[in-house]
Amino acid sequence: PFYIQTIGDCVGHGYARGAMLLMASEISMGEREKWGGDIASEDQYGGGRVEIGGGRLSGDGSLGSWNARYVNEYGTLTRTKHGRHDLRRYSGQRAKAWGRSGVPDELEPIAREHPVRTVTLVDSYEDARDSIYAGYPVVVCSAFGFNSRRDREGFLKHNQTWYHCMTFCAMDDQYRRPGLLLDNTSWGPDWVDGPKRHDQPDGTGWVDAETCDKMLRRDPDSFALSGYEGFPDNSKKLQMSDFLNVFS
């Protein structure tokens, strides 16, 4: 899904995207969980700025370290109705309001049911590669900006400065140009075009290992997410004894 940001709340989007990727990763790796729904970004943004950051910022924006603490200590909310709060659609206006006031108190107990149990600072390509290989997405906050056209091998070129949050969501260390796949879908599917590899999603591009390493070392505000407290799948798994009982 694409939830295109309308204010400077990219950190909220990055951590919401990271939590969703982690939930999907855990399910694909066999954990007894089910898909709980898309993760909201507005509470991530507001909670990082206010509950953790203490409301010290006056304009838009936040810090990755604040949101890493928020998603770990306070948790996540899904895009559904929670009492009087309807989070089914992204709202930049809501994100801005919560970025000043914080997350409504009645939502905090709901969010605490689904935290990310571990957040780990990542400051090198090797650390990010190994985290992603293990199934742990890396939310990256950096000043490294890129062009909007992938080259013939699907890679982006670092050619400008952004103060932005995105997510490293895949790795390929075997290709002749090792690198990580950068998810910037808070800008929508069409901010970048050009050739792709590995059936990568729209709104993404590969970043070579050297650039990733500089990106993570120069701006140490990126975190790997692991151990999502998800939604238990209590459906009964059929065993051979179940079939034998049917025919006995």
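What covers the buried residues of α2?

Reply: The cover over the buried residues of α2 includes α1, α3 (64–73) and α4 (92–101). Before going further, some ground rules. This is a predicted model, in which local features need pLDDT of at least 70 and side-chain atom pairs count only at pLDDT 80 or more, while totals for chains, interfaces and linings use all residues. Residues are numbered from 1 along each chain as its sequence is written, and side-chain values use heavy atoms, with hydrogens and water left out.

Helices (H or I, at least four residues) and strands (E, at least two) are DSSP runs, numbered from the N terminus. Buried means under 20% relative accessible area, exposed means over 50%, and partly exposed lies in between (1.4 Å probe, protein chains only). The buried residues of α2 are E42, D43, Q44, Y45, G46, G47, G48, R49, V50 and I52. After α2 comes G54, which has a positive phi, near 70°.

One of the elements covering α2 is α1. Helix α1 takes in residues 10–28, and E26 is found there. E26 touches E31, E33, G227 and Y228, leaving aside residues up to four places away in sequence; contact here means heavy atoms within 4.5 Å. E26 is buried yet has no salt bridge, and the nearest side chain of opposite charge, R117, is 9.1 Å away. A salt bridge is a side-chain nitrogen of Lys or Arg within 4 Å of a carboxyl oxygen of Asp or Glu. For charge, Lys and Arg count as positive and Asp and Glu as negative, with His and the chain ends not counted.

Next comes the sheet on which α1 packs. Its 6 strands form an open sheet in the order β4-β9-β5-β6-β7-β8, with antiparallel pairing. At the edges are β4 (116–121) and β8 (204–208), each of which pairs on one side only. Two strands pair if DSSP finds at least two bridges between them. On average, and ignoring direction, neighbouring strands of the sheet are turned by 35° against each other. Strand β7 (residues 179–183) is joined to β8 by 5 bridges, and the two run antiparallel. L181 stands opposite W206 in β8. Helix α1 touches β4, β5 (138–146), β6 (158–172), β7 and β9 (223–228), and its direction makes about 45° with that of β9. Axes are lines fitted to C-alpha atoms, for helices over the stretch in contact, and angles run from 0 to 180 degrees between N-to-C directions.

Helix α7 (residues 209–218) lies across β5, β6, β7 and β8, running at about 105° to β5. D213 lies in α7 and has a relative accessible area of 18%, so it is buried. D213 touches S124, Y125 and E126, again not counting residues up to four places away in sequence. Between D213 and A128 there are 85 residues in sequence but 8.9 Å in space, C-alpha to C-alpha.

A128 belongs to helix α6 (residues 125–133), where Y125, A128, R129, S131 and I132 are buried. These residues cover an arc of only 165° around the axis, which puts them on the same side of α6; the arc is that of the directions from the helix axis to the C-beta atoms. The buried residues of α6 pack against β5, β6, β7, α7 and β9. G135, with a positive phi near 100°, follows α6.

R129 forms a salt bridge with D173, with the closest N and O atoms 3.3 Å apart. This pair links distant parts of the chain, R129 in helix α6 and D173 in the loop between β6 and β7, 44 residues apart. R129 counts as buried because its relative accessibility is 18%, whereas D173, at 26%, counts as partly exposed.

E229 counts as partly exposed at 34% relative accessibility.
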